[in-house]
Amino acid sequence: MVSERVWNIITDSFGKILLPGLIRSIPLAAVSFILAVLIAVSMALIQFANVRGAKQLVRFYIWIFRGTPLLVQLYVVFYGLPGIGILIEPFPAAILVFALNEGAYSAETIRAALEAVPLGQLEAGYCAGMTYMQTMRRIVLPQALRTAFPSLSNSLIAMVKNTSLAANITVAEMFMVTQRIVARTYEALALYIEVAFMYLLFSTALTLLQRFGEKKLNVHSYQGV
């Protein structure tokens, strides 16, 4: 049975934890993910086009960010860069690291999706008088993004949960607020379960949106759109 004291702490802290989730955790994940997708598309297109020199730089970027822990990357940017005179505020630093990290993973997802589009689609664009970039933008890339949608959606859900790592660089998101309440009340189990439940709610909402989006995309694909 949950004691009255613990129950009062849980109910009192609910809003205090949820609010940072809505105004910091979700915006952090959303902005970072949008930037990550832009980075990923650019990196994937460079690899797909096999641009000499640029492709090697892209592979190096992907190698670095996929091969090192996200938490270490946060520490390097927020705590390490000030040592060479580069100061970045916590929230922008978190956005930068999350975007670069996710961009590296999503670049491979989109590259694979681009390669899954039949080469005939590219040739059809040329036959219609389109340039390479026009063909990619109007024909190939939309099909690739449709294929990559489930994987990208999963990445967004994972990013929402990973925003808890931003507490390590003093971003006052849900997890940091929970830690502060735990330090004051000493009710670690109840409060950490509570914040885990909130992450679960956010992830569930995004999962439902993902399923809705997949159904819409499947309908369009059946209609030949």
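## A walk through an all-helix model

Of the 225 residues in the protein, 38% are buried, meaning under 20% relative accessible area with a 1.4 Å probe and protein chains only, while exposed means over 50% and partly exposed lies in between. You are looking at a predicted model, in which local features need pLDDT of at least 70, side-chain atom pairs count only at pLDDT 80 or more, and totals for chains, interfaces and linings use all residues. Residues are numbered from 1 along each chain as its sequence is written, and side-chain values use heavy atoms, with hydrogens and water left out.

**Start with the whole chain.** Switch to cartoon view and you will find 8 helices and 0 strands. Helices here are DSSP runs (H or I) of at least four residues, strands are E runs of at least two, and both are numbered from the N terminus. Along the principal axes, the C-alpha atoms fill a box of roughly 75 × 50 × 25 Å.

**Next, select the core.** Pick Ile17, Ala94, Phe98, Leu114, Ile169 and Met174: these have the most contacts inside the largest nonpolar core, which has 50 residues. Such a core is a set of buried Ala, Val, Leu, Ile, Met, Phe, Trp, Tyr and Cys residues joined through side-chain atoms within 4.5 Å. Among the elements giving two or more residues to this core are α1 (4-49), α4 (90-116) and α8 (188-222).

Now centre on Phe98. Which residues does Phe98 touch, leaving out those up to four places away in sequence? They are Leu28, Ser32, Leu70, Met159, Asn162, Thr163 and Ala166, where a contact means heavy atoms within 4.5 Å.

**Then follow the charges.** The whole structure holds 6 salt bridges, each a side-chain nitrogen of Lys or Arg within 4 Å of a carboxyl oxygen of Asp or Glu. Show Arg66 and Glu108, whose closest N and O atoms are 3.6 Å apart. Arg66 lies in helix α2 and Glu108 in helix α4, so this pair ties together parts 42 residues apart in sequence. Glu108 is buried, at 12% relative accessible area, and Arg66 is partly exposed at 39%.

Through shared partners, salt bridges join Arg59, Arg66, Glu108, Arg111 and Glu115 into one network.

**Last stop: Thr131.** Look in the loop between α5 (119-127) and α6 (132-162). Is Thr131 buried or partly exposed? Thr131 is partly exposed, with a relative accessible area of 43%.
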